[in-house]
Amino acid sequence: MTKERVIIVGSGISGCMAALRLMADYDVTIITKGYKEESNSMLAQGGVAAAVSKSDTPKKHFSDTIQAGCFHNKVLAVNQLVTCGPAIIQKLIDEGMTFDKKDGEFSLGLEGAHRLPRILHTGGDQTGKYLTTFLQAQLTNIDWQEEQMAIEIIKHKEVAIGVHCLDKENQLHTYYGEHIILASGGLGQLFPVTTNAPTISGDGLAMAYRAGAKLTDMEFIQFHPTLLFLNGRCHGLISEAVRGEDARIVRADGSAVMAGVHPLADLAPRDIVAATLFEEIERGNAIFLDITEVTHFEERFPAITASLHAYQVPFRETKRIPVHPGAHFLMGGIRTDLHGKTNIPGLYAIGEVANAGVHGANRLASNSLLETLVFGEKVAEYIHTQKPNPKKYPLISRASSTKTPHLPNKQLLQEKIWETLGITRKPEKIAELLHWLGDFDYANNTRETAELSHMIITAKLIAESALKRTESLGAHRILKGVTK
Ligand SMILES: Cc1cc2nc3c(=O)[nH]c(=O)nc-3n(C[C@H](O)[C@H](O)[C@H](O)COP(=O)(O)OP(=O)(O)OC[C@H]3O[C@@H](n4cnc5c(N)ncnc54)[C@H](O)[C@@H]3O)c2cc1C
């Protein structure tokens with residue numbers, strides 16, 4: 001019997017998790033912009049939050065999640081996350097996944113705004129890499145399409161039926177399926193300072209918007225406080241787990257930056273730490289992570305240690321790492337229900353590209369990997385409930401133009417987005433940015449023009465949402481009455 005086809009856009013943990021749970025019964029294709037190892041999932045250092053210890057409960061995890069999210073979260077989505085999470089992780093462990101242990105018990109990390117240690121990690125600070133590699137190794141029956149950039153969702157009679165993609169030579173390829181799952185991650189590359197992988201530039205968000213999907217909460221972008229900062233440039237993340245192991249944020253004179261700012265000091269919610277550091281930097285202060293009190297730093301954080309060595313940071317001598325905040329995670333995204341369904345029949349969204357309401361206005365650390373696992377499982381569960389009905393679709397060509405499009409320089413675009421939609425925002429500047437963005441064309445004749453066009457659409461969506469939210473909430477911080 002002909003199987004139904006599932007097209008998954010994105011090779012991170014959410015896409016791989018959905019593929020794992022679908023591959024026995026469906027023809028699954030995973031399309032990915034770069035190689036399958038290129039994703040934010042591969043970069044995750046801290047780990048996966050889940051109430052697995054004897055002293056923890058899903059209820060406590062729920063309460064920490066909604067407090068960090070400023071109560072803007074959707075209760076049912078958070079409930080699904082924290083209650084289904086532990087069982088889904090246990091199933092992966094039964095299938096062979098391992099997490100770091102100490103004396104026979106999970107070695108659980110502590111991160112910002114968690115009331116107790118609940119972060120499962122593996123390979124020290126390489127959880128994302130180990131988990132993605134583990135999942136990809138299980139995907140024995142998948143059609144992998146690497147170096148294919150999805151540029152457009154194809155619809156027939158208002159139903160999503162496929163995606164148009166461009167390969168490295170900008171040749172068009174089209175993939176049809178009964179179920180189209182966007183698992184294409186967030187938008188970090190809209191900003192010049194980011195923790196995100198190079199392929200993460202808002203493509204899925206813009207494609208979904210163009211197809212008529214509803215997007216919500218786009219103003220809520222999490223800025224991580226501690227990116228490694230050298231000679232005016234950022235070079236990846238220094239995980240919050242380092243502060244969980246007693247590192248402190250200090251100025252050049254050694255004074256503690258977070259003392260007195262929040263009761264949780266260095267482990268305050270990320271929006272608060274990032275905004276405090278940004279103000280310090282605006283005042284001209286250099287900021288460092290002081291790792292004097294972190295025991296066995298190099299053993300616990302092997303990947304961070306390797307990166308510090310690669311950039312020749314003399315951390316062994318100084319016990320200091322220079323840091324700077326940067327764009328990290330999108331809380332908003334394509335609106336979905338608890339199974340990843342969007343408002344377009346046949347189109348689903350899971351992981352960071354989606355907004356099921358899990359994170360509210362600010363994500364609790366390490367809840368994102370849990371979201372990718374839970375919603376990857378849930379979308380597969382839903383698709384399995386659908387009556388199989390493999391179809392033949394009419395061939396639909398891509399709408400493209402041959403005229404040279406008017407598009408901005410990428411670096412200029414990123415800088416304007418950082419200045420306007422970064423950690424603190426001024427409504428009049430946002431309105432100016434929207435006006436400037438409105439001047440550009442949409443084009444998808446090459447990967448380069450498609451990516452720029454997607455960045456512009458995504459920036460417009462953030463700007464429009466940011467203007468509508470007239471009060472500061474969570475990661476959205478408005479500076480009022482400043483006309484500079
Ligand atoms: C440095 C770093 C550290 C982090 N640490 C943690 C942590 O410790 N714990 C935690 O919970 N979260 C962490 N996060 C967040 C978390 O890693 C991500 O939110 C999560 O991995 C997202 O998974 P995903 O499957 O939704 O998307 P991703 O893993 O980002 O994968 C998206 C995929 O889509 C592909 N793609 C994008 N556009 C297209 C296109 N147009 N066509 C085809 N393919 C496309 C990408 O190439 C990629 O393969 C971290 C993030 C970063 C950047």
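Strand 8 (residues 149-156) pairs with strand 9 in the antiparallel sense, and seven bridges link the two. This pairing, like every feature below, is read from a predicted model. Strands 8 and 9 form a hairpin, with two residues between them. Lys 157 lies in that turn and has a positive phi of about 50°.

Strand 9 also pairs with strand 10 (residues 172-176). The sense is again antiparallel, over five bridges. Here Cys 165 stands opposite His 173 of strand 10. Strands 9 and 10 form a hairpin too, with five residues between the strands. In this hairpin, Asn 170 takes a positive phi near 65°.

How many of the eight residues of strand 9 are buried? Seven of the eight residues in strand 9 (residues 159-166) are buried, so the strand is largely enclosed by the rest of the structure. Buried here means under 20% relative accessible area.

A parallel arrangement is found elsewhere. Strands of a sheet pair through backbone hydrogen bonds, either parallel or antiparallel. Five strands form an open sheet with parallel pairing, in the order 7-2-1-11-19. Strand 7 (142-145) and strand 19 (347-349) are the edge strands, and each pairs on one side only. From one strand to the next, the twist averages 20°. Val 9 has Ile 31 in strand 2 as its bridge partner.

The helices provide a further packing example. Two packed helices are described by the angle between their axes and the distance between the axes. Helix 12 (residues 410-421) packs with helix 13 (residues 427-437) at an angle of about 155°. Their axes are 9 Å apart. Angles over 145 degrees count as roughly antiparallel. Helix 12 and helix 13 are therefore roughly antiparallel to each other. Their crossing is left-handed. Helix 12 contributes Leu 412, Leu 413, Lys 416, Thr 420 and Leu 421 to the contact. Helix 13 contributes Lys 429, Ile 430, Leu 433, Trp 436 and Leu 437. By class, the contact of helix 12 with helix 13 has seven nonpolar residues, one polar residue and two charged residues.

How values were computed: Residues numbered from 1 in each chain as written. Predicted model: local features only at pLDDT ≥ 70, side-chain atom pairs only at ≥ 80, totals over all residues. Heavy atoms only, no water. Buried < 20%, exposed > 50% of the residue type's maximum accessible area, 1.4 Å probe, protein only. Helix = DSSP H or I, 4+ residues; strand = E, 2+ residues; numbered from the N terminus. Pairing = 2+ DSSP bridges. Axes fitted to C-alpha atoms, helices over the stretch in contact; angles between N-to-C directions. Parallel < 35°, antiparallel > 145°, perpendicular 65-115°, else oblique. Left-handed = near helix turned anticlockwise from the far one by under 90°. Contact = heavy atoms within 4.5 Å. Nonpolar A, V, L, I, M, F, W, Y, C, P; charged D, E, K, R; others polar.
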